[in-house]
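Subject: Structure handover

Hello,

Please find the structure below, followed by notes on what was found in it.

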Amino acid sequence: MSYDEKTMAGARIEYRERVRRFEDRERLRTADLLARSPRLREVERDLTGLSLRLARAALSGSADEVGRIRTRAEELHAKAGEILEEMGEEKDALRPRTYCPVCEGTGETGRGPCACLLKVYQEMLLLRYARYLGEQSFENFDFELYSDIVSPYYHAEPRGIAEFVFDQCAEYARRFRPDGGGGLFLHGGFGVGKSFLAASVAREVIRNGYFAHYISAVSFFALAEKERFGRLAEEEAADWEDAFSADLLILDDLGAEPASAQSAPLLYRLLGERAALRRGTVLVSTLTKEEISSRYSPAVESRISGTLTDLLLIGEDLRKAGDNT
Ligand SMILES: [Zn+2]
């Protein structure tokens, strides 16, 4: 599983800030309790003294002494509990609390980032792609926008097809694993909901703790040109690298970019590298496979057919009707 390093660096800063605010609130809360009761202050002083003795006893390896101090500390906590209850507070209100009991507010466990840090990372990843993700999610998908009248061309109802494609996308997102490989080739006419579903997949994958990277084909191929001449800015270099290495890539609107002789070999390489690393890919396009074959190359088409599940959406241009664009 890979992390978007830039987002993770930002998440660590935000995380430390949240831990700091939590600890400030804790100090204020404790100070407030102590200010209200001289008896509680006395117990608190004894507890502080005990914790120093406990540290010394632990260092000298005296198990008996450690046991005695712990028993005494529990008695003091019980006494503090009684006082606190008389004050109308929770009885363990004076016990030290940490931001996260698993990592004690460090954000790290021995096996990598703690779940509490990953939660902040996910929030920030959703923010990074907020403009693209918008309100698009499986929960907001509207089947009513698809006609239930059989299309004479496809001999099927657009709504029935949308339900099938929706289920496939939701299932792919739900089962997504960073080394699961495969992916989806979501295609169909303009404004039939392809990008909406792709964004929904990305959102779900991010929510499940993985790194989904979104880029439009126009941006991707523009970055490729700059990369060829070594002119990528730092931010752009990350966007470029992420296309190859992110757990999941959403390459949106393939075919909208200006035609170029470089496109076919580059697309072939991108799909090949991702498949070799068993990274998932969602390709969104208005092109059919035949058009992909002639616009790029038969090799690109066969790589798509060989690695991605083909999903065709049909219907009116929904951008006129509603929001599933
Ligand atoms: Zn934690």
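Helices (H or I, at least four residues) and strands (E, at least two) are DSSP runs, numbered from the N terminus. On that basis, Glu26 belongs to helix α1 (residues 5-36).

Two points on how to read the rest. Residue numbers start from 1 along each chain as its sequence is written. The model is predicted, so local features need pLDDT of at least 70 and side-chain atom pairs count only at pLDDT 80 or more, while totals for chains, interfaces and linings use all residues.

The sheet

Five strands make an open sheet with parallel pairing, in the order β4-β5-β6-β3-β7; two strands pair if DSSP finds at least two bridges between them. Strands β4 (212-216) and β7 are at the edges with a single partner strand each, so one side of each has no neighbour in the sheet. From one strand to the next, the twist averages 15 degrees (angles run from 0 to 180 degrees between N-to-C directions, and axes are lines fitted to C-alpha atoms, for helices over the stretch in contact).

Strand β3 (residues 183-188) is mostly covered, with six of its six residues buried. Buried means 20 or more other C-beta atoms within 10 Å of the residue's own, exposed means 12 or fewer, and partly exposed is in between, with C-beta atoms placed from the backbone. Gly183, Phe185 and His187 point one way from β3, and Leu184, Leu186 and Gly188 point the other way.

Five bridges join β3 to the parallel strand β6 (residues 280-285), where Val284 is the bridge partner of Leu186. Another parallel strand, β7 (residues 309-313), is joined to β3 by five bridges. Here Phe185 stands opposite Asp310, and His187 opposite Leu312.

The helices

Helix α6 (residues 158-175) lies across β3 and β7, at about 140 degrees to β7.

Helices α8 (residues 217-228) and α9 (residues 234-245) pack at about 110 degrees, their axes 10 Å apart. That makes α8 roughly perpendicular to α9 (65 to 115 degrees; under 35 is roughly parallel, over 145 roughly antiparallel and the rest oblique). The contact (C-beta atoms, placed from the backbone, within 7 Å) involves Phe220, Leu223, Lys226 and Glu227 of α8, and Glu236, Asp239, Trp240 and Ala243 of α9.

Glu26 and Leu271 are 245 residues apart in sequence and 51 Å apart in space, C-alpha to C-alpha.

Regards

Key
Two residues are in contact if their C-beta atoms, placed from the backbone, lie within 7 Å.
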